[in-house]
Amino acid sequence: MTTDHAPTARSREKPSGEEEAAADLKLGEFEGVPTLTVSEARVLINAVVSHRRAQKNEAEPENLTKTRDYLEMFARFKQPEALESVERMLMAKTELEAFERSQLGSLCLDSAEEAKTLIPSLSNKISDSDLQELLDDIMKLRNFVE
């Protein structure tokens, strides 16, 4: 018994560059580009929208509304003080790439093991104990403001 079904997902093109977030971080053309956490992106987008609204009274495009909804839902730090504290903690970890710091600030992981599983390039850059201390400090800020 065979049935022909339409594919359940679109086929995806292979990335054209050398981008790979694996044990060896390869960001291709995005190497060295500043990155943001989801919380930082939320602050930035909201500031731009507020500025635009003050300048002119145009309707907000649907994709911008959806982006703002997504950022509002997934931003872990909505209080400016907490966001600034997390950013300071992450920036102090100079051994980490900007991409890795942004991932840590966005994901708010519970354990060093989980962090190194989801962000494999952390494996040889930071000890489990130092990473766990950073994650615990981030979690304290998250729990404090919720």
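These legends walk through several close-up views of one predicted model. In this predicted model, local features need pLDDT of at least 70 and side-chain atom pairs count only at pLDDT 80 or more, while totals for chains, interfaces and linings use all residues. Residues are numbered from 1 along each chain as its sequence is written, and side-chain values use heavy atoms, with hydrogens and water left out.

**View 1. The whole chain and its elements.** The protein chain has six helices and two strands. Read from the N terminus on, the order is β-β-α-α-α-α-α-α. Here helices (H or I, at least four residues) and strands (E, at least two) are DSSP runs, numbered from the N terminus. Of the 146 residues of the chain, 28% count as buried. Buried means under 20% relative accessible area, exposed means over 50%, and partly exposed lies in between (1.4 Å probe, protein chains only).

**View 2. The largest nonpolar core.** In soluble globular proteins, nonpolar side chains tend to be buried together. A nonpolar core is a set of buried Ala, Val, Leu, Ile, Met, Phe, Trp, Tyr and Cys residues joined through side-chain atoms within 4.5 Å. The largest one in this model has 20 residues, and those with the most contacts inside it are Phe 77, Leu 104, Ala 115, Leu 122, Leu 131 and Ile 138. Which elements give two or more residues to this core? They are α3 (80-91), α5 (112-118) and α6. Helix α6 gives the most, with six residues.

**View 3. Helix α4 and the residue that follows.** Helix α4 spans residues 98-107, and its buried residues are Glu 100, Arg 101, Ser 102, Leu 104, Gly 105 and Ser 106. Next comes Cys 108, which lies in the loop between α4 and α5. Take a look at its backbone: Cys 108 has a positive phi of about 50° although it is not a glycine. Is Cys 108 buried or exposed? Cys 108 counts as buried because its relative accessibility is 6%.

View 4. Side chains of opposite charge can pair when their charged atoms come close. A salt bridge is a side-chain nitrogen of Lys or Arg within 4 Å of a carboxyl oxygen of Asp or Glu. Asp 128 and Lys 116 meet in one, at 2.6 Å from N to O. Asp 128 lies in helix α6 and Lys 116 in helix α5, so the pair ties together parts that are twelve residues apart in sequence. Lys 116 is buried, with a relative accessible area of 16%, whereas Asp 128 is partly exposed at 46%.

**View 5. Glu 60 and its two arginine partners.** A search of the whole structure finds eight salt bridges. Arg 53 forms one with Glu 60, the closest N and O atoms being 2.9 Å apart. Arg 68 also forms a salt bridge with Glu 60, and there the closest N and O atoms are 2.9 Å apart. Glu 60 is partly exposed, with a relative accessible area of 23%, and Arg 68 counts as partly exposed at 21%. Elsewhere, Arg 42, Glu 72 and Lys 78 are linked in a network of salt bridges.

View 6. Patches are made of residues with over 30% relative accessible area and no salt bridge: like charges are joined within 9 Å, and nonpolar side chains (Val, Leu, Ile, Met, Phe, Trp, Tyr) within 5 Å. Accessible areas come from the Shrake-Rupley method with a 1.4 Å probe, and for residues only the protein chains shown count as cover. Glu 95, Asp 130, Glu 133 and Asp 136 gather in a patch of negative charge. Lys and Arg count as positive and Asp and Glu as negative, while His and the chain ends are not counted. The place of a charge is taken as NZ of Lys, CZ of Arg, CG of Asp or CD of Glu. Asp 130 lies in helix α6 (residues 128-145) and is partly exposed, with a relative accessible area of 36%. Leu 36, Leu 44 and Val 48 make a nonpolar surface patch of about 250 Å². Leu 36 is found in the loop between β2 (25-26) and α1 (38-55).

**View 7. Residues apart in sequence.** Val 38 lies in helix α1 and counts as buried at 19% relative accessibility. Val 38 and Met 73 are 35 residues apart in sequence and 9.7 Å apart in space, C-alpha to C-alpha.
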